[in-house]
Amino acid sequence: MMSDYDKLFISAIENRDIQTLKLIPKADLHNHFFLGGRREYINKRLGITIPHLSNKLHSMDEMHTWVEKNIGDIFGTTDKRRLAIEATFVQANDDGVTVLEIGDDVWANGHFYGGNVNLLIETFQEMQEMFAPKIEFRFQIGLSRHCPVNMLEEWIVPFLDKDCFFSIDLYGDEMAQPIKNFKPIYRKAKEKGLLLKAHVGEWGCADSVKEAVEELELNEVQHGISAYKSPAIMNWLADNKIQLNICPTSNVMLNRVESIKVHPIKTLFDHGIKVTVNSDDILVFGQSVSQEFINLYDAGLFNAKELNIIRKYGLGIQ
Ligand SMILES: [Zn+2]
């Protein structure tokens, strides 16, 4: 049966009514908090103007160069890191995100919090209480792929001693090192009962998505869009109920996809895979979750009912 939110969402999408969309529960399960704030908010708080990303980028290197040039080290101190967390909670709250999955990198614990994971935890929790008290905050542990595995294994220890974390994610250059290198870390995270995610199939091929899911025993994949090239792998993902947390504008601006109109999220959805719609890096790509839903509708990729199913996948409602 359709709830009031279902009806409201469907009519808001059909009317491209972003103000109403903002009032409807939705999830953001793929958000790098460091770049999760809106440029207007950063400007208000720091007086710094970050330009719009106007042209497509073609590699993670180009993305890093753009971020380096236009954002640089404006979040390079502990206080400013705190501000990046604040800006992300403010943005999520404003967009009516009710489930937000974010967290810091294990590397950052030593760099920004003096190696005191309690301080890292308190910082996120304080920012949530102050700026988004009603949001369900799912605390994520982040791993950068380029870091040596023995360092990651050491840095993650204090995180795994705590009970407040919900999930683990792996990001950065997909080609940095073989996925199997991270197996021991993911085994420990699984023992701890964490939800297991990794960025894969953004730059890599369809096979790399299956390989990562099998090697790391992933529950969800960040992006995973290249799976659309293999019907067999799409069926396998659907059968194994592996959710893909997709960021459409990010995929277009990083030239993974020609345009929203031809985004493979539709093919993946039609194959019975649970897909969700997320923001990735709002400070770079400028699109809130609500806006992303409108973008997909405007491109003619989905009807409003289908988008409502996707919204509910994000919230864990079948
Ligand atoms: Zn990402």
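Where is the place of Asn-255? Select Asn-255 to begin: this residue is in the loop between α13 (248–253) and α14 (265–270), where helices (H or I, at least four residues) and strands (E, at least two) are DSSP runs numbered from the N terminus. The model is predicted, so local features need pLDDT of at least 70 and side-chain atom pairs count only at pLDDT 80 or more, whereas totals for chains, interfaces and linings use all residues. Residues are numbered from 1 along each chain as its sequence is written, and side-chain values use heavy atoms, with hydrogens and water left out.

**Two residues with positive phi**

Remain at Asn-255, whose phi is near 60°, a positive value in a residue other than glycine. Asn-255 is partly exposed at a relative accessible area of 28%; buried means under 20%, exposed over 50%, and partly exposed in between (1.4 Å probe, protein chains only).

Select His-223 next. His-223 belongs to strand β6 (residues 220–223), and its phi, near 80°, is likewise positive in a residue other than glycine. With a relative accessible area of 0%, His-223 is buried.

**The helix pair α16 and α17**

Display helix α16 (residues 289–298) together with helix α17 (residues 304–314); their axes come within 10 Å and cross at roughly 145°. Axes are lines fitted to C-alpha atoms, for helices over the stretch in contact, and angles run from 0 to 180 degrees between N-to-C directions. The crossing is right-handed; a crossing has this hand if the near helix is turned clockwise from the far one by less than a right angle, and is left-handed if anticlockwise.

Move to Ala-299, in the loop between α16 and α17. Ala-299 is buried, its relative accessible area being 18%. Apart from neighbours within four places in sequence, Ala-299 is in contact with Ile-260 and Lys-261.

Lys-312, in helix α17, is also to be selected. This lysine is buried, with a relative accessible area of 18%. Residues up to four places away in sequence not being counted, Lys-312 touches Asp-6 and Ile-317.

**The nonpolar core**

Which residues have the most contacts inside the largest nonpolar core? Select Ile-71, Ile-168, Tyr-186 and Leu-237; the core itself has 105 residues. A nonpolar core is a set of buried Ala, Val, Leu, Ile, Met, Phe, Trp, Tyr and Cys residues joined through side-chain atoms within 4.5 Å. In soluble globular proteins, nonpolar side chains tend to be buried together. Centre the view on Ile-168: beyond four places in sequence, its contacts include Ile-141, Leu-143, Ile-156 and Leu-196.

A search of the whole structure finds 0 disulfides, a disulfide being a pair of cysteine sulfur atoms within 2.5 Å. For Cys-247, the nearest cysteine sulfur is that of Cys-205, 20 Å away. Cys-247 is buried, at 0% relative accessibility, while Cys-164 is partly exposed at 28%.

Finish at Asn-235 in helix α12 (residues 231–239). Asn-235 is partly exposed, with a relative accessible area of 36%. Its C-alpha atom is separated by 7.9 Å from that of Ile-273, 38 residues apart along the chain.

Definitions and conventions. Contact = heavy atoms within 4.5 Å.
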